[in-house]
Amino acid sequence: MAGGAGVTCEAAEVRAAVEAYWAAADARDWDAFAATLADDLVYDLPQSRERIFGRERYVRFNREYPGDWRVRIERIVADGEGRQAAARTVVTVGEEEMHAVHFFTFDEDGRIAGVTDFWPEPYEPPAGREHLVERY
């Protein structure tokens with residue numbers, strides 16, 4: 001599989017798996033979503049200190065998640081060995097946009113074995129460091 005300049009096949013395959021995961025989630029195609037996941041997947045939400053074990057429970061968690069949300073991938077970074085990836089997304093619920101960062105690990109078959117989601121809330125930085133940073 002060609003992945004572009006400087007992208008190994010393994011990295012391209014990991015990127016494709018993350019893209020398939022998000023495309024299936026956004027389409028609410030739970031069979032396709034489940035197909036991207038390892039049976040013994042572990043899902044972590046550090047901010048709420050929640051953890052889900054197993055593909056079936058994780059698919060159900062997403063299927064039952066409330067609201068009419070949409071997801072758009074902003075960036076995916078994958079390692080060269082095809083074992084890890086990180087993605088930055090924007091999730092839209094009505095007019096509200098939430099930015100999130102997701103870390104993925106993969107099993108030997110290229111299925112997602114672990115997902116850790118961080119859903120940072122926006123905040124204004126403290127005063128006094130304007131000379132060091134650029135705001136965007």
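Which residues form one aromatic cluster? The cluster consists of Y21, W22, W30, F33, Y43, Y58, F61, Y65 and F104, and the paragraphs below lead from the overall fold to these rings.

The model is a predicted one, in which local features need pLDDT of at least 70 and side-chain atom pairs count only at pLDDT 80 or more, while totals for chains, interfaces and linings use all residues. Residues are numbered from 1 along each chain as its sequence is written, and side-chain values use heavy atoms, with hydrogens and water left out.

The protein contains 3 helices and 6 strands, where helices (H or I, at least four residues) and strands (E, at least two) are DSSP runs numbered from the N terminus. Read from that terminus, the elements follow the order α-α-β-β-α-β-β-β-β. Along the principal axes, the C-alpha atoms fill a box of roughly 50 × 40 × 25 Å. Of the 136 residues, 34% count as buried; buried means under 20% relative accessible area, exposed means over 50%, and partly exposed lies in between, with a 1.4 Å probe and protein chains only. Contacts, defined by heavy atoms within 4.5 Å, can also be sorted by sequence separation. Among those with a separation of 6 or more, residues 24 or more positions apart account for 46%.

The strands form an open sheet of 6 strands in the order β2-β1-β6-β5-β4-β3, with mixed pairing; two strands pair if DSSP finds at least two bridges between them. At the edges lie β2 (50–53) and β3 (69–78), each of which pairs on one side only. Neighbouring strands of the sheet are turned by 20° against each other on average, direction ignored; the axes behind such angles are lines fitted to C-alpha atoms, for helices over the stretch in contact, and angles run from 0 to 180 degrees between N-to-C directions. Strand β1 (residues 37–45) pairs with β2 in the antiparallel sense over 4 bridges, and F53 in β2 is the bridge partner of V42. Helix α3 (residues 55–64) lies across β1, β2 and β6 (112–118) and runs at about 55° to β1.

The interior can be described through its nonpolar core, a set of buried Ala, Val, Leu, Ile, Met, Phe, Trp, Tyr and Cys residues joined through side-chain atoms within 4.5 Å. The largest such core has 27 residues, and those with the most contacts inside it are Y21, F33, Y58 and F104. At least two residues of this core come from each of α1, α2, β1, α3, β3, β4 (84–93), β5 (96–106) and β6. Helix α1 supplies the largest share, 7 residues. Y58 touches Y21, F33, L37, L41, Y43, I52 and V115, not counting residues up to four places away in sequence.

The aromatic residues deserve a separate account. A pair of aromatic rings is described by the distance of the centres and the angle of the planes. Rings of Phe, Tyr and Trp (its six-membered ring) pair if their centres lie within 6.5 Å; planes under 30 degrees apart count as stacked, over 60 as edge-to-face and the rest as tilted. By this rule the count is 10 aromatic pairs. The rings of Y21 and F33 have centres 4.8 Å apart and planes at 35°, so this pair is tilted. Because Y21 lies in helix α1 and F33 in helix α2, the pair ties together parts that are 12 residues apart in sequence. Y21 is buried at a relative accessible area of 1%, and F33 is buried with a relative accessible area of 1%. The rings of Y43 and Y58, with centres 4.5 Å apart and planes at 40°, also make a tilted pair. Y43 belongs to strand β1 and Y58 to helix α3, so the pair ties together parts that are 15 residues apart in sequence. Both Y43 and Y58 are buried.

R28, with phi near 60°, is located in the loop between α1 (9–27) and α2 (30–35). It counts as partly exposed, at 25% relative accessibility. R28 also lies over the face of W69, at 3.9 Å from the ring centre; a charge sits over a ring if NZ of Lys or CZ of Arg is within 6 Å of the ring centre and within 35 degrees of the ring normal. R49, with phi near 55°, is found in the loop between β1 and β2, and R49 is exposed, with a relative accessible area of 74%.
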